Amino acid sequence: MTPKQVKAIQESFAKVAPISDQAAAHFYGRLFEIAPAVKPLFRGDMEEQGRKLMSTLAVVVNGLSNLEAVLPAASALAKRHVDYGVTAADYAPVGAALLWTLERGLGEQWTPDLAAAWGAAYTVLSEFMIGEAYGRSIAAE
Ligand code: HEM
């Protein structure tokens, strides 16, 4: 990720932050549409879950320019997800649902460059999390 991409991600996320409840609802709606098998893994209150997701994403997005600082928390988060029943393969539809949500939320401000930047950021983060939770060999597949 280039510094320019980091800036673009942070600025775009700031635009969806004011509508984060709505964005989270769209995100889960889309996720359960493209990956219905993960729905039973979510047992808690979905509004609460949406808020946790958006606030954690905010921490990660703000930490992108100094990724090392957020990696320990991302590692612990990834390991907790193993207990929630999440598999390495589940990270791909979650990434797709996230990008879809951002595209929807940003409308005309969603550009191919921004899509590439978000795609790169999610790839870095999810490969790291998968590696931490399931081992490097799975993350490399
Ligand atoms: C960038 C990646 C992700 C982030 C930032 C994230 C964030 C979170 C947060 C903040 C929580 C609250 C509990 C905790 O802190 O341990 C949570 C729970 C959970 N996440 Fe994620 N998550 C990510 C990836 C995924 C993926 C790939 C799945 C797969 C379907 C998933 C499914 C779940 C489930 C099932 C729970 C527990 C829900 C419940 O107890 O009802 N997450 N996630």
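This is a predicted model: local features need pLDDT of at least 70, side-chain atom pairs count only at pLDDT 80 or more; totals for chains, interfaces and linings use all residues.

Student: How much space lies in the largest pocket?

Tutor: The largest pocket holds about 1,000 Å³ of space. Its lining is made up of 37 residues, and those closest to the centre are Q49, L53, L77, H81 and M129.

Student: Which helices supply the lining of the largest pocket?

Tutor: At least two residues each come from α2, α3, α4, α5 and α6. The largest share belongs to α3, with ten residues.

Student: And how do the residues of that lining divide by class?

Tutor: The lining of the largest pocket has 27 nonpolar, four polar and six charged residues.

Student: Back to the ligand. How many residues surround the ligand, and which are the closest?

Tutor: The ligand is surrounded by 20 residues, of which R43, G44, R80, H81 and Y84 are the closest. By class, this shell comprises twelve nonpolar, four polar and four charged residues.

Student: Where does the shell around the ligand come from?

Tutor: Helices α3, α4 (67–83), α5 and α6 (112–134) each supply at least two residues of the shell. The largest share of the shell, four residues, comes from α3, and α3 also gives the largest share of the pocket lining.

Student: What does the iron atom of the ligand have as a donor from the protein?

Tutor: The iron has a single protein donor, NE2 of H81, at 2.0 Å. H81 is part of helix α4, and this residue is also listed among those closest to the centre of the largest pocket.

Student: Which atom of the ligand is 2.8 Å from an N or O atom in the side chain of H81?

Tutor: That is a nitrogen atom of the ligand.

Student: What about the oxygen atoms of the ligand? Which polar side-chain atom lies 2.6 Å from one of them?

Tutor: That side-chain atom belongs to R80. For G44, the atom involved is a polar backbone atom, and it is 2.8 Å from an oxygen atom of the ligand.

Student: Which residues line the largest cavity?

Tutor: The lining consists of F13, V16, A23, A24, F27, L53, M54, L57, L98, T101 and L102. At least two of the lining residues come from each of α1 (3–16), α2 (20–34), α3 (46–62) and α5 (91–106).

Student: One last item, the second largest pocket. How much space lies there, and which residues line it?

Tutor: The second largest pocket has about 180 Å³ of space. K4, Q5, A8, Q109, T111, D113, L114 and A117 form its lining, with α1 and α6 each supplying at least two of the lining residues.

Student: And the classes in that lining?

Tutor: The lining of the second largest pocket has three nonpolar, three polar and two charged residues.

Terms used
Residues are numbered from 1 along each chain as its sequence is written. Side-chain values use heavy atoms; hydrogens and water are left out. On a 1 Å grid over the protein atoms alone, a cavity is a set of points where a 1.4 Å probe fits but cannot get out, and a pocket is an open set with protein on both sides within 12 Å along at least five of seven lines; lining residues have an atom within 4 Å of a point. A residue is near a molecule or strand if one of its heavy atoms lies within 4 Å of it. A polar contact is a pair of N or O atoms within 3.5 Å; within protein, one must be able to donate a hydrogen and the other to accept it, and residues adjacent in sequence count only if both atoms are side-chain atoms. Ala, Val, Leu, Ile, Met, Phe, Trp, Tyr, Cys and Pro count as nonpolar, Asp, Glu, Lys and Arg as charged, and the others, Gly among them, as polar. Donors are N, O and S atoms within 2.8 Å of the metal (3.2 Å for Na, K and Ca); water is not among the atoms, so sites may look incomplete. Grid points are joined across faces, edges and corners, and a volume is the space filled by probe spheres set on the points.
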